[in-house]
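Here are some notes to read beside the model, written for someone new to looking at structures. Please keep the sequence and the 3D view open while going through the points.

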Amino acid sequence: MAHALRLARQGLYSTHPNPRVGCVIVRDGQLLGEGWHVRAGEPHAEVHALRQAGEAARGATAYVTLEPCSHFGRTPPCAEALVGAGLARVVAATLDPNPLVAGRGMQRLAEAGIEVRVGVLEEQARALNAGFIKRMESGLPWVRVKLAMSLDGRTAMASGESQWITGPRARAEVQRLRARSSAVLSGADTLLADGARLTVRGAELGLDAQRTALAMGRPPLRVLVDGRLRVPLDAPFFQAGPTLVATAQAGDVDAYRAVGSELLVVTGEGGHVDLPALLRELAARGVNELLVEAGPRLAGAFAAQGLVDEYRLFVAAKFLGSSARPLLELPLERMSEARELRIEDIRRIGDDWQIIARPASRS
């Protein structure tokens, strides 16, 4: 199963909106076939592994990182393919939370006389597809907020200048976070200050040629939260390809369409963009993982509303001073209001440090 998970990770940048899945077929300790899901609409991991194993699959064991599908979608059901191949045993890391599957795949295998087992390396398998699982279970994407800061917790100078706080290796990691995400979101303040495009830059990914090609072949949806439509349509963001603009007021839909953008009105309290409604809309469009790269105001709004699943904090070994801008606009007055985090990982990236943390309430 560990090998199947390694195979599944090869689809980290390309399977959206499908989950990342790997499959290994073995008998008597011998590897007969292996495969991983590459792109939506193409054969699933089990099919690749069965093709490689051929007739040798009869009587063998398949290890798959997600329950085989049992329904006809863009491809035939994998459960039927496993039954037809004459497998003796199928081990799945975790059940598929998709309501169209949800245990039916393993049930079909069991009814065909195949021995089944679920729950091997389940935690690792669920972590690999946290976004897909959350979307299926709650109708919301996995929200990952990226923040770059100095050691004194500042993100930009008082003037708004922020390039570059961290070094090239940390920026390459951010490019990989963009590439694995279904969508990347920012706000008007960031775009107006930095002229950001939020694109994936293949030359900065630091991946091999195959994975770079897969990543560049499926660019994430770029989303702008612009409640008052302040970002002009000739901004670099709009010149870099199709976008979705979430706003709190009506605008010239045709003007945005002319530059390849869709205008979505989601008005919330106080005339702001309704962020929970926006997340539901993104999930409905198949967004599994959303990367938020925003300034302290918008990032703080996601935090204040309890919408963040994971923080990626990139910390540079420098001070920006007390007049520089804070990490988040999150007004808290008492210690009892402090937002507790659970640190999952800390590691050095070049001259900087990356901290992965999650809200303690979601542990």
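1. The UniProt annotation "binding site", from an unreviewed entry, covers His 44, Cys 69 and Cys 78; such positions are given in the numbering used here, feature names are shortened, and annotations may be inferred rather than shown by experiment. These residues span 35 residues in sequence, yet no two of their C-alpha atoms are more than 9.3 Å apart, so they gather at one spot.

2. Please keep in mind that this is a predicted model, in which local features need pLDDT of at least 70 and side-chain atom pairs count only at pLDDT 80 or more, while totals for chains, interfaces and linings use all residues. Residues are numbered from 1 along each chain as its sequence is written, and side-chain values use heavy atoms, with hydrogens and water left out.

3. His 44 is found in the loop between β2 (30-36) and α2 (45-53), whereas Cys 69 is in the loop between β3 (61-64) and α3 (78-85); helices (H or I, at least four residues) and strands (E, at least two) are DSSP runs, numbered from the N terminus.

4. Is Cys 69 buried or exposed? Cys 69 is buried, with a relative accessible area of 9%, where buried means under 20%, exposed over 50% and partly exposed in between (1.4 Å probe, protein chains only). Not counting residues up to four places away in sequence, Cys 69 touches His 44, Pro 76, Pro 77, Cys 78, Ala 79 and Val 101, a contact being heavy atoms within 4.5 Å.

5. The second largest pocket holds about 1000 Å³ of space. On a 1 Å grid over the protein atoms alone, a pocket is an open set of points with protein on both sides within 12 Å along at least five of seven lines, a cavity is a set where a 1.4 Å probe fits but cannot get out, and lining residues have an atom within 4 Å of a point. Grid points are joined across faces, edges and corners, and a volume is the space filled by probe spheres set on the points.

6. The lining of the second largest pocket divides into ten nonpolar, four polar and 19 charged residues; Ala, Val, Leu, Ile, Met, Phe, Trp, Tyr, Cys and Pro count as nonpolar, Asp, Glu, Lys and Arg as charged, and the others, Gly among them, as polar. The largest share of this lining, five residues, comes from α6.

7. The largest cavity has about 100 Å³ of space. Domain 1 (1-128) and domain 2 (141-359) both give residues to its lining, so this cavity lies between them; the domain bounds come from an automatic or database domain assignment.
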